[in-house]
Amino acid sequence: MTTNCSQTLWEIVVESSPVVPHDDPTLLFTNAGMNQFKPIFQGTISREDDMAKLTRAVNTQKDLDDVGKDGYHHKEAIQMAWELLTKVFGLDKDRLYVTYFEGDKAAGPEPDYEARDLWLAVGFAEDHVVTGNMKDNFWEMGDQGPCGPCSEVHYDRIGGGRNAAHLVNMDDPNVLEIWNIVFIQFNREADGSLRTLPNKHIDTGMGFERLVSVLQNKKSNYDTDIFHPLFAQIQQITGARAYTDKYYDEDVDKIDEAYRVIADHIRTLTHSIEDGAVPHSDGRGYVIRRVLRRGCRYARRYFNAEIGSFFSKILPTLVAQMGEQFPNIVAKQNEVKELLDEEEEAFSRTLDRGEKMFEKYAAEALKNSSKKLSGESFWRLYDTFGFPVDLTQIMATERGLEIDISEVEAAEEKARLASKADKNAVHTFAKLDVHHISELQSMNIPVTDDSAKFLKRGSTGKVLIIFDGQKFHRSTKELPSEQPVAVILDKTNFYAEQGGQVYDTGKLVIDGVTEFKVFDTQSYGDYIVHNGTLQYGELNAGEMVFTEYDELRRQPIQNNHTGTHILNHDLRKHLGDGVQQKGSLVVEDKLRFDFSHKSAVTPAELEKIGDSSNEYIKQNCQVYTKEVERSDALKINGLRAVFGETYPSPVRVVSVGVPVDDLLKDPENSAWMETSIEFCSGTHVERTAYQAQLLADQARAKIDDLDKMPHGTEKETAVKSFQNELIQLTTSTLKKDGLKAKLAKVQKDILDEQKRAQKAESKTAVDFVVKYFDDNKNEDYFTGQLPISGNPKAVAEVLNYIKAKDKSKTVYLFGGDENSVVFGTYVGTEHAKKGIKAEEWASTVSNVIGGRSGGKEPTRTGQGTNPDKIDEGVAVATEWFSKINV
């Protein structure tokens, strides 16, 4: 920040860091401005990184290593804050209060008296300087990572000469924190301990919205020009009353709360999606989905807004307001809009039905006076209608209903076990053979209309017949409830497995009455059969059901199917027209493309084809489809079809990037050779950019993080764990080989470090024993703990040294730490003549430290199981030897 402060401040501008920390597995989202500096704090920053500029900028004034080691930066940060707040912004110093860390004997950190004294020195009165505990004045960015004591500046909105020190950090809305200085000097380790950082740092910043509210003399963050434009746009598109900044009971109709929720959510959604957090079923993707669905429900309930494109209508206002500071949201506005609309539209298809079911469940709860929404009802709203948990909790609170989380967890576990059992039964699903198809025709059962499989909206179908693998039935009433059956409908939007694309899964639902889970969808003689099991209720011929394929599962399948088309195009582009498709496999987590070629494809060619395909995808091409007379379609230059395949007429043409109508107007245009054009009856994405897969990039970043970790057991464990993840990772063979090679370098570094450390420990162990005998020349034995870790090779090295240099000496050695213990003994020649056996000696000690020993006389080595009893083990070994060595 550059200000008019009297001091000369240095400034380095770097590109805004994403709110989605793709390279930090400890965080789902950036939760503080200093997250981006974490590599600097931990000393893992690459000199080539843009953030390294900050290090070099500091070095031009005072070496970074000095930060936090003397009072210079401590003092400078406090003086800057004081000058900016009181002189530049002109805040009344009598309304300002400051906190400092009071220390914590149990946790270890000392009180920060230095910060206290510096605040007093710049002008704070003593009764405006307040202590704070670990909760309020020790800042941490997560369960792990850089942390340290902090000092906060609070502002009293009321003023008027009162002393508000007792209201600081008491959640009083009129005494709020506006500034914070964090003295980063520790790292919170995975085991919860605090480790002092080699370099200490200072991070200082403000609560932007809070400070604006203070400067504009408003009582809340929302009643400022930060939110006014968004509120105005919401009012314009909904026709609601104006925002009045009312809260809690004063906000009687909850309209103001809805304004705030939606304005906050559009900011969260826009920046998160722009930074790569796509709505999904787990992780940060599910957080985004929850935020959007919560916002949709507020818009529907309090503004009576139509859901489907609600948030994208507010988006232009946000982009106009914040686009100058965040240019990426301008560049990606259309992509954000499309994702918002797609996700909204998907939720809108179940929102109406879900709300109706909630009202039914709520009425039942109120009718029986339990005032509690059952766990089964709660889970069904999530599982069937996609209602996030917190959304259902809000709705329950509105109706005065309680929720027993243990009941919800029980319902979830019951559903999980039922699903597992159902999946195990999938292989028992029967197929329709020629005789079954003939029987259906004789019953005048029409073939299934599955044209809705290409549409995103929900669909309905009428139950025509039910098949148990042998007989046809008009009802499931007469069948065992757990028996897998096939349901045939007159219409469906489920995709039946064909053309290399895997089948859809999902549900057939009669709201509140019946749910049939579909595990497999197949086509036999144009009859689409939905194979699955009843979850509850029953199905009868003639009933209408909602047909709901699993959109989350189909989306990556569609990505991969469009990907096969682009790959097919680029194979011909780079290998020539001789390439012929021989088959494909399109599933959720991968695609496989089978083709013939005159020679083996080299790794260099594979890399070129992969890069070319990815560039095609990044163009964000629209995918066009149209049914065309086969004779017309075959005239299109560049059209790809599977050799030997018979296609109907009309045939469906899929073009990636060029409208099919344009292709037909000028079918011989040579430019069409640069476009992916195929016959295909499968499902595809609307635009190719949705296919972007970050898995390989995230894996590469994770390996970089592993490489930067300090050597030790934590790093070794993390690398072993990630090796298993890498085995399961689905990505191209070429990328996976590259990732394996990259990880292998990290593993080699670990092995080299282990060898180096082992060698160093072996020398330490040998030197220790040699020194003992040099200092005690009359002694012919030694029992004791070596200054090493649980390193069996170091113990063995000492035993070998004794055997080689002086066989008359006897030793019983221990090595270890809080996690492990090793031991070894060698009985010298003179003691062996007295009948002392290494096996008996080791057995006695093992009774104390646990474990077993092995080896041949006069040597035994082993590992114990009780590292906390090393001292006791040394005492027992010494006592046993003393008694027998007479």
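Colleague: What is the average pLDDT of the protein?
Modeller: This is a predicted model, in which local features need pLDDT of at least 70 and side-chain atom pairs count only at pLDDT 80 or more, while totals for chains, interfaces and linings use all residues. Residues are numbered from 1 along each chain as its sequence is written, and side-chain values use heavy atoms, with hydrogens and water left out. As pLDDT is the predictor's confidence in each residue, from 0 to 100, it can be said that 88% of the residues score at least 70, and the protein's average is 84.

Colleague: Which element has the lowest mean pLDDT?
Modeller: Helices (H or I, at least four residues) and strands (E, at least two) are DSSP runs, numbered from the N terminus. Among these elements helix H7 (residues 228-238) has the highest mean, 97, whereas the lowest, 39, belongs to helix H2 (residues 52-59).

Colleague: How many contacts beyond four places in sequence does the model have for residues 52-72?
Modeller: Over this stretch the pLDDT stays under 50. With contact meaning heavy atoms within 4.5 Å, the number for residues 52-72 is 32.

Colleague: Is H7 roughly parallel or roughly perpendicular to H8?
Modeller: Axes are lines fitted to C-alpha atoms, for helices over the stretch in contact, and angles run from 0 to 180 degrees between N-to-C directions. H7 and helix H8 (residues 255-274) pack with their axes 10 Å apart, at an angle of about 110°, and Leu-230 and Phe-231 are among the H7 residues that meet H8. Because angles under 35 degrees count as roughly parallel, over 145 as roughly antiparallel, 65 to 115 as roughly perpendicular and the rest as oblique, H7 is to H8 roughly perpendicular.

Colleague: Why is strand S5 largely enclosed by the rest of the structure?
Modeller: Buried means under 20% relative accessible area, exposed over 50%, and partly exposed in between (1.4 Å probe, protein chains only). Two strands pair if DSSP finds at least two bridges between them; strand S4 (residues 145-156) is joined to S5 by ten bridges, and S5 to strand S6 (residues 194-206) by nine, with an antiparallel run in both cases. S5 (residues 175-188) is largely enclosed because, of its 14 residues, the number buried is twelve.

Colleague: Which residue in S6 is the bridge partner of Asn-180?
Modeller: The hairpin of S5 and S6 has five residues between the strands, and there Gly-192 takes a positive phi near 90°. Within S6, the partner of Asn-180 is Gly-205.

Colleague: Which strands are at the edges of the open sheet of five strands?
Modeller: The order in this sheet is S21-S22-S23-S25-S24, with mixed pairing. Each edge strand pairs on one side only, and these are strand S21 (781-785) and strand S24 (852-854).

Colleague: Is Asp-817 partly exposed or buried?
Modeller: Asp-817 lies in the loop between S22 and S23, and beyond its neighbours within four places in sequence it is in contact with Ser-789, Gly-790 and Pro-867. Its relative accessible area is 30%, so Asp-817 is partly exposed.
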